[in-house]
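These are my notebook entries on one structure.

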Amino acid sequence: MASAQVIKRAKYKTTVKDPGTAGVLKMAWDRFIFTPNHPNSASNLDVEFRFIKGHKNTKEGSNKPPWLNLTNDQGGSYIFEFESYPDLHTCRDFVGKSIGRSGETPTAASGKTDASLPDEQISTAELELRIKLLRENSELQKLHKQLVIGGILTEAEFWATRKKLLDRESSRKSKQRVGFKSAMISDIKPATDGRTNKVTFSLTPEVILQIFAEKPAVHAAFLKYVPKKMTEKDFWTKYFKAEYLHSTRNAVAAAAEAAEDEELAIFLRNDDILAKEARQKIRRVDPTVNMEADQGDDYMHLPDHGLFRDGGKDIIESQYELYRRTLAHDLNRHAAVVLEGRTVEVELEDTRTVAEALAKLKRVESANEDSDGTANQGILERIARITEIEDLQASHGPPLAPLCIKDPRDYFDSQQVIAVKAPAAEGKKCNLSSREAYGSLRDSISQTKQMGLLNPVVKTKDALQVFNALSHDISRTKYDVGKNPQDSVLDKLPSTTKEQLLHHWTSIQELLRHFWSSYPITSSYLYAKVNRLKDAMSQIYPQLEEIKKSVPAHHKQHVSVLVRQMHQALDAAFQHYDADLQKRSAKSSERPNGYV
Amino acid sequence: MKFEIEDVTVYFPYDNIYPEQYSYMVELKRALDARGHCLLEMPTGTGKTIALLSLITSYVLSKPQSPLKLVYCTRTVHEMEKTLAELKKLHDYQVKHLGPAARILAVGLSSRKNLCVNPRVLSAENRDSVDAGCRKLTASWVRALAERNPGVPTCEFFEDYERAGSGAVLPPGVYTLQDLRAFGKQKGWCPYYLARHMVQLANVIVYSYQYLLDPKVAGIISKEMQRECVVVFDEAHNIDNVCIEALSVCVRRQTLEGATRNLHRMEQEIDRFKATDESRLRAEYQRLVEGLALRGDLRVNDTWLANPALPDDILKEAVPGNIRRADFFLRVLRRFVQYLKGRLETENVEKESPVAFVASVTNQAGIDQKTLKFCYDRLHSLMMTLEITDTDEFLHIQTICDFATLVGTYARGFSIIIEPFDERMPDVQDPVLQLSCHDASLAIKPVFDRFQTVVITSGTLSPIDLYPRLLNFNPVVSRSFTMSLTRDCICPMVLTRGSDQLPVSTKFDMRSDLGVVRNYGRLLLEMVSVVPDGIVCFFVSYSYMDEIVNSWNESGILKEIMQHKLVFIETQDVVETTLALDNYRRACDCGRGAVFFSVARGKVAEGIDFDRHYGRLVIMFGIPFQYTLSKILLARLEYLRDTFQIKEGDFLTFDALRQAAQCVGRVIRSKADYGMMIFADKRYSRHDKRSKLPGWILSHLRDAHLNLSTDMAVYIAREFLRKMAQPYDKAGSGGKKTLLSQEDIEKMGDSSLNDMLY
């Protein structure tokens, strides 16, 4: 049906003046998708046609390039520039049809399934994810086309069995976040061109993010000054000037420069925000490493007590303390930030957005910190654990997760089967009395005694012959199939047959999965679904037969082995269906008065 | 487990015990029985603290007729916390087995800053303002004023505590500082004063060294303790230095300027009192005539100063007549400050004995020795009279008076050194007048005299016969224990050459050699790629560390190191260092791994453990000798040579090697733990240096590991780590047991156990 789709090269423009992003426009019957050529570009589009309210295009012969303008229901528009007018026309016609149809589709779809599930509300994000999955996996796409668009399954049913796929997909996107690198990337070295005295620093958004995270004062200054007071370029020029002053390790010069330039001073001075943070953090530090507590521990604490200039201690220059910053400080700060692993979710492109996202993140964090009061308890427990001498007592054993059986039926059913089987096997033996058993045993012993053990029961040669004949087929097929079915057996088949088989196999699997999951039938919806599935399956059945017939004779055996398995699976389903139907009809006849 | 040592039933909170812990207890018990002092060296990581605590508490439990008090001194607050955590575990165990009879009261004591719960006081930035803030709210005259005038703020926690009176006691249990704060908050009582009060009643007190060693503090906190005390100095390898520091004072320009300001303020106060309330000054005079009876009738919250010189005879003498009157005393102090200012103006280094110094003071300023001796107490009395609460403003004059009293009291064991500038920075004028104590026995003598048993213990007390000489006491037991290991879980190495086979050293002439710096860098770089989790590096000084790290940064080695592990550095800023340490631990916990750069005589080396995954390797870059040109050190060496016949070189080597051993010894926590130690300096391969290391390290230092280059060290490290990763039998195999269970101890009598051990 509406499986036709149009794929054209086009440029996507947000405004008329925008130079546009080159990419591929793909129009399917219900949506259009724009994929930019450059994978990092943000202008990835995926819009359903039902949101599109109208379309305009430039006329052929006017001096404008071939543009197609689609307006959506929010009043926004998507402009595409095509390579040629024929492309434009194909797309325009397609869009015209699609928009017309998109109005009816939902009703048509619900019309087909008489009792549909309440329409699930799916977010656009999830929709996108599904589309992405379909696009990446052609097999899935085929299946989707056949089953969903063919009307056998609804969209929701189709995806319900693939929740895991969706989950994993989304979790991979959200949870696997890239942390900071251990290496210090913010410590960038300037590049000189060799001729002039100019130096060039190249900043990437990643570096900027690290600078902001490690130096809150720079971050605050950026938010405050850019772009109101100075341009971003000026800002970074100042920053690197300050960095240069630091690198010379000349505190006096730094102080002098800072006195002249107020903004420069921000970069040169020690970070007040950091100092404040440090004071806050020190309260939650593990008391067994808290050396700050020592500092206040001496009872008297008179200054100038003790030995001032003995050989053990070092001296520090206290002058210009304000402008003194050491490599050690930077290293510690860097490592702390790396450990915090604070990352921003936004795409790293614009400095401003990076700065703002970081600021937002920090506010959230500080709000969280205010609320946690149980931290102390955790610390105490940790100390208790640490102080123990581990090998003087039995180990605590690794922590265990309790066994959790999601669906108890799975477990108990399998147990029951085993339980049922076992007594049945014993029951047979019980028919034989011990006397009889003993008798037969004695007979066979006496027989062996008479014949002697040397004579083999069957002649070796014969046995080998029989064995070979029997095992020949089995072993070969088994060997081939067992090793790698696609390599061996299937590869020998003509490619069309192979594909058909594989496709049927997956669709049968899918159908069976839905079929079996629908039992026990508790609602009319499920009943309708089962019927639908049964019909679809019975359609596949003869198709398989056809494949079997169509293949050349020398492949017939392999194909029939493969097909037989599928047939068996289908047969089991049909059997169950019939049995269930009978049961149901019997039930309904039992209760002619229509108990509910 | 529970077992008998002679007549004492020892309750030990673990299922097994190391044999050395057992024999440690036996020795300790001997000392307790003999009521004498003892000196015990036991390797780190063999559970010294818990062995000590469980023996002493069990000893007290089994002899209820002679109650012994345990005073446990730690060097740092975090060690105090660790000790209390172990004691908590022990106490839980004992109560479980003996019932409520085993209940004891154990408190940790610290300063106001660490115990205060009043948010108004606590908001102050540094500890001096916390102290002053507290006094402003709790001094007796402030409270008297508040009674009349409700507008005067007081501390509700202190008021509630006072109101509760004798009912304000801690129920039995083990209280860490955190627990004290929580208890105080819950009851609304001041935890600081509560803890100070409970010190008299507690069975176990844990506090810092100086609460016992510094006479200024000891006079207040520890004066009411009975003789029946067991005093333990844990991690006591530096105890001589602590003693010396406690009795040393230095005077700088800032001190004198501050003192002058203080004197001016006091003069104004006196004038104000003269005008308004002269009777108060007269009353003080009367009191002083009768003698220094300050102590008895003063309330606990007012006693914030005490005599720095402990000899009791001072207290019985009357204050000399010339300083009884407040204004006369101020004049004396003014003259003294003036005199010191004059002495500071010198251009040459001067060194004097106290006797000569006092003579010169008498000649030039007209202040005699007896007057000097009383300065500290006289100032104390005066400040009380003047009702001065903002004591943090008056620290400078206190320093001056302390100095005067010490000079006036001790005629030997001290020297006065005046230096116009630091040797290492000759262009910066910063004159210092240093009263430096050389004799560690002076500060610790009262402790030995007063208490029944003093235990000095550490992982590094080698050579063990030196300590009794330095501290001038006679131990009844003096023992050094080795470590019986299940497997070779420590791996000391001496690295003498770098990857280019050239010698490495921090010797003065080699230390700034780029080749050495690079070789050290390559060593660390190789090691960070081989060793998992945490690595600790110790440097000989801050300046050397700064230099070498900057050099590594410039040559790119640091960047390469950071690709393997995060780097943290100890700085002189304690807050920053603490946070760096905390982050270092987290980096090791989360598996990223980290390197910590530290300094051999710094705060981290003093008391932070790098056990288990927090430290799989310690690298000691160089030998941490003291700065040998320091005048103070030279004076001390001279004193040691003249008095104890200890050679300068011997003492310096001893001091450097105990620091080095202390640094590397922090990697091991138990026998299940493992760690490597690299001594990266060619001088360690020499016998005279190496032999000063404690026996338990030496016994694992193989001859093959005495002269390694970087590549060989890396190979050994790889092999060692692979070996340590294998499962092993914890109880020890072969004839020697390294872990004793209850049955093992019961099976063999004391004698056979001792036979097995030695």
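**Entry 1: ground rules**

I note that this is a predicted model, in which local features need pLDDT of at least 70 and side-chain atom pairs count only at pLDDT 80 or more, while totals for chains, interfaces and linings use all residues. Residues are numbered from 1 along each chain as its sequence is written, chains are lettered from A and ligands numbered from 1 in the order in which they are written, and side-chain values use heavy atoms, with hydrogens and water left out.

**Entry 2: confidence**

I looked up pLDDT, the predictor's confidence in each residue, from 0 to 100. For chain B the mean is 85, and 92% of the residues reach 70 or more. I then asked where in chain B confidence is lowest and where it is highest. Helices (H or I, at least four residues) and strands (E, at least two) are DSSP runs, numbered from the N terminus. Over residues 293–314 of chain B, pLDDT stays under 50. For that stretch the model has 64 contacts beyond four places in sequence, where contact means heavy atoms within 4.5 Å. For the complex, the predictor gives an ipTM of 0.80 and a pTM of 0.71.

**Entry 3: the sheet in chain A**

I traced an open sheet of seven strands in chain A, with antiparallel pairing and the order β4-β3-β2-β1-β7-β6-β5. Two strands pair if DSSP finds at least two bridges between them. At the edges are β4 (45–48) and β5 (52–57) of chain A, each pairing on one side only. On average, neighbouring strands of this sheet are turned by 30° against each other, direction ignored. Axes are lines fitted to C-alpha atoms, for helices over the stretch in contact, and angles run from 0 to 180 degrees between N-to-C directions.

I followed some of the pairs. Strand β1 (residues 6–13) of chain A is joined to β2(A) by seven bridges and runs antiparallel to β2(A); A:I7 stands opposite A:K26 in β2(A). β1(A) also pairs with strand β7 (residues 77–82) of chain A, in the antiparallel sense, over four bridges. Here A:A10 is opposite A:F82 in β7(A). Strand β2 (residues 21–27) of chain A has five bridges to strand β3 (residues 31–36) of chain A, again antiparallel, and A:L25 has A:F34 in β3(A) as its bridge partner. Helix α3 (residues 124–136) of chain A lies across β2, β3 and β4 of chain A, at about 70° to β3(A).

**Entry 4: helix pairs in chain A**

How do α21(A) and α22(A) run, parallel or antiparallel? Helix α21 (residues 495–517) and helix α22 (residues 524–550) of chain A pack at about 160°, with axes 10 Å apart. They are therefore roughly antiparallel to each other (under 35 degrees counts as roughly parallel, over 145 as roughly antiparallel, 65 to 115 as roughly perpendicular and the rest as oblique). The contact residues include A:L501 and A:L511 of α21(A) and A:L533 and A:I540 of α22(A). They divide into twelve nonpolar, six polar and one charged. Ala, Val, Leu, Ile, Met, Phe, Trp, Tyr, Cys and Pro count as nonpolar, Asp, Glu, Lys and Arg as charged, and the others, Gly among them, as polar.

I also checked helix α7 (residues 205–214) and helix α8 (residues 216–225) of chain A, whose axes come within 5 Å and cross at roughly 110°. That makes α7(A) roughly perpendicular to α8(A).

**Entry 5: the sheet in chain B**

In chain B I found seven strands in an open sheet, ordered β18-β19-β17-β20-β21-β16-β22, with parallel pairing. The edge strands are β18 (566–569) and β22 (708–709) of chain B. Six bridges join strand β16 (residues 490–497) to strand β21 (residues 675–680) of chain B, with B:M493 opposite B:I678 in β21(B). Helix α29 (residues 648–664) of chain B lies across β17, β20 and β21 of chain B, at about 155° to β20(B).

**Entry 6: a helix pair in chain B**

Helix α23 (residues 514–530) and helix α32 (residues 710–724) of chain B pack at about 20°, with axes 10 Å apart. These two, α23(B) and α32(B), are therefore roughly parallel. Among the residues that meet are B:L523 and B:M527 in α23(B) and B:V714 and B:L721 in α32(B). By class, this contact has seven nonpolar, one polar and two charged residues.
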